[in-house]
Amino acid sequence: MLSVVPRPVIVRAPSKVNLHLGVGDLREDGYHELTSVFQALSLGDDVHLTESDALSVHVRGVDAESVPTDRGNLVWQAAELLARRAGRAAGVAITIVKGVPVAGGMAGGSADAAATLVGLNELWRLGLDRAELFELGAELGSDVPFTLHGMTALGTGRGEKLLPVLSRNSFHWVIALAKGGLSTPAVFRELDRLRAEGNPPRIGDPDELMHALAAGDADALAPLLGNDLQAAALSLKPELRRTLRAGVTAGALAGIVSGSGPTCVFLCSDEDTAVEVAAELAGAGVCRTIRVAHGPVPGARVLDDISRGTEH
Ligand SMILES: C[C@](O)(CO)[C@H](O)COP(=O)(O)OP(=O)(O)OC[C@H]1O[C@@H](n2ccc(N)nc2=O)[C@H](O)[C@@H]1O
Ligand SMILES: Nc1ncnc2c1ncn2[C@@H]1O[C@H](COP(=O)(O)OP(=O)(O)OP(=O)(O)O)[C@@H](O)[C@H]1O
């Protein structure tokens, strides 16, 4: 008799960069009030989900050895949360193929959690709508709703309340992965410490930046990129200053620390320039590895047969 190998549902999840990250004061619940303009980037993770008797997690790809394969993994928590919600057992074998650097400020773990919610909704035929998935996502982490949403969006609250932002054209990015990661809570704590000591300048509102996005104008967008967490990330990892300088010297329009860092991202005027900047940065020895990406791209989505064959 032929045994049928169950076919996995495969979900592609994007990374993110905060084009604008305004950090307000510490709230009583331990979170900071944010104003974030997110953009989803083509550098992403793939999450494979296959029916199984038990819950299991395997990880391969970039930084796989530093990712937990137990309850510490956000995909495990996502599967348990969804199973509880559906009143069923959390039987699924999950394989994550990492493309997003771990602890890099690009929401890799959040993207995997978003992918798991989308994939299990399909695999278990739960029929949950987008709003229900967003609500579950927000329980898992502040960045999970955006990695579900994708494209370009304005996030408020702790980053989980989202509104779409009009963005014309594709923007081209060079991504410089740093040696070692930074812990998100540690970077927020460092910002609180810097603010208690003095008054590091705060970025203003993102109105002008949103106009540049609507116009699809990379030259106008470049000087408007801003991240209140950058000072804290640089304070914890001063060598990132060299990386940021090297990208601009190599021909990028601007460079910024992504979210809580330490990944640095560089906006370039077009794809060819991005490839040139990437090559030059690789030779400068200021980071661990370089990637080229574009954005905006959609949020976590199931790959159909055609895209399984053509995407990578
Ligand atoms: C830095 C960003 O990536 C910007 O998009 C996010 O704010 C972080 O999102 P995340 O990694 O999903 O963060 P969570 O897992 O929700 O929170 C981790 C920790 O980061 C800090 N945190 C996070 C979000 C926020 N608005 N204020 C915070 O102070 C808190 O110490 C929190 O305990
Ligand atoms: N699926 C996952 N992928 C990567 N790390 C995970 C995952 N699940 C849990 N983790 C743990 O979470 C930590 C932070 O990982 P992650 O890659 O999500 O950070 P990040 O990109 O800086 O997050 P963010 O930008 O949302 O603040 C890792 O050090 C790891 O121990």
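This is a predicted model: local features need pLDDT of at least 70, side-chain atom pairs count only at pLDDT 80 or more; totals for chains, interfaces and linings use all residues.

As for conventions, residues are numbered from 1 along each chain as its sequence is written, chains are lettered from A and ligands numbered from 1 in the order in which they are written, and side-chain values use heavy atoms, with hydrogens and water left out.

Domain 1 brings 31 residues to the contact and domain 2 brings 37 residues, where contact means heavy atoms within 4.5 Å.

The size of an interface is often given as the accessible area lost when the parts come together. Between domain 1 and domain 2, about 2,500 Å² is buried, and carbon and sulfur atoms give 62% of that area. Buried area here is the accessible area, with a 1.4 Å probe, that two parts lose on being put together, summed over both.

How many salt bridges are counted between domain 1 and domain 2? The count is two, a salt bridge being a side-chain nitrogen of Lys or Arg within 4 Å of a carboxyl oxygen of Asp or Glu. Elsewhere in my notes is a salt bridge that joins the side chains of Arg202 and Asp25, at 3.3 Å from N to O.

The rule also finds 16 residue pairs in polar contact across the interface of domain 1 and domain 2, both residues at pLDDT 80 or more. A polar contact is a pair of N or O atoms within 3.5 Å; within protein, one must be able to donate a hydrogen and the other to accept it, and residues adjacent in sequence count only if both atoms are side-chain atoms.

On the side of domain 1 that touches domain 2, the elements giving two or more residues are β1 (9-26), β2 (32-51) and β5 (152-156). The largest share, eleven residues, comes from β1. Helices (H or I, at least four residues) and strands (E, at least two) are DSSP runs, numbered from the N terminus.

I turn now to the ligands. Ligand 1 is surrounded by 16 residues, the closest being Lys16, Asn18, His32, Ser142 and Asp143; a residue is near a molecule if one of its heavy atoms lies within 4 Å of it. An oxygen atom of ligand 1 is 2.5 Å from a side-chain N or O atom of Ser142, and a nitrogen atom of ligand 1 is 3.2 Å from a polar backbone atom of Arg158.

Around ligand 2 there are 22 residues, of which Gly105, Gly109, Asp112, Asp143 and Thr184 come nearest. A nitrogen atom of ligand 2 lies 2.9 Å from a side-chain N or O atom of Lys98, and an oxygen atom of ligand 2 lies 2.8 Å from a backbone N or O atom of Gly105.

Finally, the backbone. The peptide bond from Gly261 to Pro262 is cis, with omega near 5 degrees, and Pro262 sits in the loop between β9 (254-257) and β10 (264-268).
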